[in-house]
Amino acid sequence: MRAADGPVQVRAVDEELGRQVTVRDKLEPLRAKMTKLADRGWLRKRSDGRFTTRSQ
C-alpha cells in the first residue's frame, strides 16, 4: 500500500502479492481483510472501493 502512488484496488494488491487474480472469488477474502483493516483504522476505504493508507 505504501509503495503505491495513490489509492489501489484489491486486484492490484493481490497481483503484488503474486496471487491468482483471474478469478473474482479469489479476491473476496483479501477484500474482506482489507475492509477489516479499514474498519480498525489501519487503512482508509474510499467511496470508489479503492484503499489507501491513513496518511493519504
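A38 is found in helix 2, where helices (H or I, at least four residues) and strands (E, at least two) are DSSP runs numbered from the N terminus. With a relative accessible area of 15%, A38 is buried; the term buried stands for under 20% relative accessible area, exposed for over 50%, and partly exposed for what lies in between (1.4 Å probe, protein chains only). Apart from its neighbours within four places in sequence, A38 is in contact with L43, K45 and F51, a contact being heavy atoms within 4.5 Å. The C-alpha atoms of A38 and T52 are 14 residues apart along the chain and separated by 9.0 Å.

The model is predicted: local features need pLDDT of at least 70, side-chain atom pairs count only at pLDDT 80 or more, and totals for chains, interfaces and linings use all residues. Residues are numbered from 1 along each chain as its sequence is written, and side-chain values use heavy atoms, with hydrogens and water left out.

Helix 2 covers residues 24-39, and its 16 residues should span 22 Å at 1.5 Å a residue; the end C-alpha atoms are 22 Å apart, which agrees. The expected span is 1.5 Å times one less than the number of residues in the helix. Besides A38, the residues L27, L30 and M34 are buried in helix 2. The cover over the buried residues of helix 2 includes helix 1 (10-16), strand 1 (43-45) and strand 2 (51-53). After helix 2 comes G41, with a positive phi near 95°.

Strand 2 holds both T52 and T53. T52 is buried at a relative accessible area of 2%, and T53 also counts as buried, at 9% relative accessibility. Leaving aside neighbours within four places in sequence, T52 is in contact with M1, P7, L43, R44 and R46.

G6 belongs to the segment before helix 1 and is buried, with a relative accessible area of 18%. D48 sits in the loop between strand 1 and strand 2 and counts as partly exposed, at 43% relative accessibility.

The table gives C-alpha separations for pairs of residues.

| Pair | Separation in sequence | C-alpha to C-alpha distance |
|---|---|---|
| T52 and R2 | 50 residues | 8.1 Å |
| G6 and R50 | 44 residues | 9.4 Å |
| D48 and E28 | 20 residues | 16 Å |
| A38 and T52 | 14 residues | 9.0 Å |

For the protein as a whole, there are two helices and two strands, and from the N terminus on the elements run α-α-β-β. The radius of gyration is 11 Å, close to the 10 Å that the globule rule gives for 56 residues, so the protein is as compact as a globular protein of that length. That radius is taken over C-alpha atoms, and the rule is 2.2 Å times the number of residues to the power 0.38. Taken along the principal axes, the C-alpha atoms fill a box of roughly 30 × 20 × 20 Å.

Buried residues make up 25% of the 56 residues. Of the contacts between residues at least 6 apart in sequence, 32% join residues at least 24 apart.

The protein exposes about 4,300 Å², and carbon and sulfur atoms supply 46% of that area. Accessible areas come from the Shrake-Rupley method with a 1.4 Å probe; for residues, only the protein chains shown count as cover. There are 14 positive and 8 negative charges, and their mean positions are 5 Å apart. In that count Lys and Arg are positive and Asp and Glu are negative, while His and the chain ends are not counted. Each charge is placed at NZ of Lys, CZ of Arg, CG of Asp or CD of Glu.
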